[in-house]
Amino acid sequence: MKLDKNEYLKHIDTTIANGKYQDNWGSLRQFKVPDWYQNAKFGIFIHWGLYSVPAYDSEWYSRNMYIQGSKAYDHHLEVYGSHKDFGYKDFIPMFQAEKFDADEWATLFKQSGARYVMPVAEHHDGFQMYRSSISHYNTYEMGPKRDLLAEMKAAYEKQGLTLCVSSHRAEHWFFMSHGKEFESDVHEPLEQGDFYWPAKPEPKDHFDLYDCPPSQAFLEDWLIRCCELVDQYQPRVFYFDWWIQNAAFKPYLKKFCAYYYNKGEEWGTPVAINYKHDALMFGSAVPDVERGQFAELKPYFWQTDTAVAKNSWCYTEGNVYKTAGEIIRDFVDIVSKNGSLLLNVGPRADGTIPDEDRNLLLTIGKWLEVNGEAIYDTTYWRKFGEGPTEIKEGQFTDGQTKLFTSEDIRFTVRDHYLYASVLVYPENGVVHIQSLKEKSPYFEGIIKGIKILGFDEQPEWVRTGDALTITTTNVQSELPVVFQIELD
């Protein structure tokens, strides 16, 4: 049944008027990060959609294939032919998800040690991965003809995983616009409800807060799509990609935040929103750092989202993968600084997860089976860690492998234990922790004992004016090694 947009907008306004949260920053800053979210530490992001069919270049194929002279444009001509005869919409029948098994995915994600899972519900291309009353261009009516998001929700919750969603719809305002620059299947007139609508000119600077503002019709459509996701699937975290920082979105963002937070109150389950680039007022949601992290400990909870592949978020042939060691070392660093890791995988169009993605997740899961007590349900210590390696701060800084050393150690706390994770274990088995030396400004209390997670060996240790020195003889690992230090 087609949704009455005016009635739905009234429903949104009524929900806000009657709720705890109003659509202003003062009210929205009542937000508190849910305890479950701060304790979970590790989630799985999933980029899977029409762009998985060509599996070329990146998840931006829908934009890039229409940019004349780009490698995606040339590839499209070579493989699929003329853009007027075979456009992006023609991938819809090819997206069948014929081997997709939500229970199989859920089992893998559980084995990875993740606590929450965040599928991309709608990417910049405008194709919805769920049943929708807003548009016919969704997986329930086209392509696989299945409500993929509903299947995921059921499977994840059976495994005790928390369903979250992300929306990248905002960028659809301009994402298909280059198809109007030559003879293609993207052409006027484009009406609301058309797959390619509105295809307006792309901003020259994506971070110009005032350039190319979306129309009221697009913004209302955006708001309704977001609220529909909330009502149908009750996600516990709602993630926004970039470009919602454009000034035109502000009143609609505030409405969405108020609506969603009030729904969380109604469900009796606290919820959260992720945002980037100061799109939301600080304190009203959880900041996210894309493909990067912070250099120092933060007093507020934050999240990194990154991918197992360095070159693409979705599955593409020839993806360049990170190693498990790279991911786990960054993971430990992020958690020590009061953050959480959202790690992306890219399934194939048929719904299978590549072996490379699978093996990385299983390796992380095996490490967490041993060392999870130093990650889950922990808090930060008086300092995040020590060591010579400097972390480059900010977005898009994780493309280059960090050269951590045996002196790079990260701290977390749980109950009366301090966990010291040695990011690169020394070959000689001797670890010096300067932050725990005698009369340290960080800790002058009693150390009752030290254990090594995952190893039977009882380490020798001595505390001097220079450092707490821990010596082992049979400990070797290519992944971080964690000392459980009992304090009193």
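Where is proline 480 found? Proline 480 turns up in the loop between β16 (468-471) and β17 (481-487), with helices (H or I, at least four residues) and strands (E, at least two) taken as DSSP runs and numbered from the N terminus. The model is a predicted one, so to speak of local features takes a pLDDT of at least 70 and side-chain atom pairs count only at pLDDT 80 or more, while totals for chains, interfaces and linings use all residues. Residues are numbered from 1 along each chain as its sequence is written, and side-chain values use heavy atoms, with hydrogens and water left out.

Proline 480 counts as buried at 3% relative accessibility; buried here means under 20% relative accessible area, exposed means over 50%, and partly exposed is what lies in between (1.4 Å probe, protein chains only). Serine 421 is 59 residues away from proline 480 in sequence, yet the two C-alpha atoms are 6.2 Å apart. Neighbours within four places in sequence aside, proline 480 is in contact with Ile328, Arg329, Trp367, Asn371, Val422 and Leu423, contact being heavy atoms within 4.5 Å.

As for the overall fold, the protein has twelve helices and 17 strands. Its radius of gyration is 24 Å, close to the 23 Å of the globule rule for 488 residues, so the protein is as compact as a globular protein of that length. That radius is taken over C-alpha atoms, and the rule is 2.2 Å times the number of residues to the power 0.38. The C-alpha trace spans about 75 × 55 × 40 Å along its principal axes. Of the 488 residues, 60% count as buried. Among contacts with a separation of 6 or more, 72% come from residues 24 or more positions apart.

Next, the aromatic rings. The structure holds 52 aromatic pairs; rings of Phe, Tyr and Trp (its six-membered ring) pair if their centres lie within 6.5 Å, and planes under 30 degrees apart count as stacked, over 60 as edge-to-face and the rest as tilted. Tryptophan 36 and tyrosine 116 have ring centres 6.2 Å apart and planes at 75 degrees, so this pair is edge-to-face. The pair links distant parts of the chain, with tryptophan 36 in helix α3 (residues 35-40) and tyrosine 116 in strand β2 (residues 116-122), 80 residues apart. Tryptophan 36 is partly exposed at a relative accessible area of 23%, whereas tyrosine 116 is buried at 0%. Tyrosine 66 and tyrosine 196 also form an edge-to-face pair, at 6.5 Å centre to centre and 80 degrees between the planes. Tyrosine 66 lies in the loop between α4 (61-64) and α5 (71-80) and tyrosine 196 in the loop between α8 (172-175) and α9 (216-233), so the pair ties together parts 130 residues apart in sequence. Both tyrosine 66 and tyrosine 196 are buried.

Then there is the backbone. Most residues other than glycine have a negative phi, and most peptide bonds are trans. A cis bond joins glutamate 188 and proline 189, with omega about -5 degrees, and proline 189 has its place in the loop between α8 and α9. The bond from tryptophan 197 to proline 198 is cis too, with omega near 5 degrees, and proline 198 is found in the loop between α8 and α9. Alanine 97 has a positive phi, near 50 degrees; this residue is found in the loop between α5 and α6 (102-111) and is buried at 0% relative accessible area. Phenylalanine 396 has a positive phi of about 55 degrees, lies in the loop between β10 (385-386) and β11 (409-414), and is exposed at 52%.
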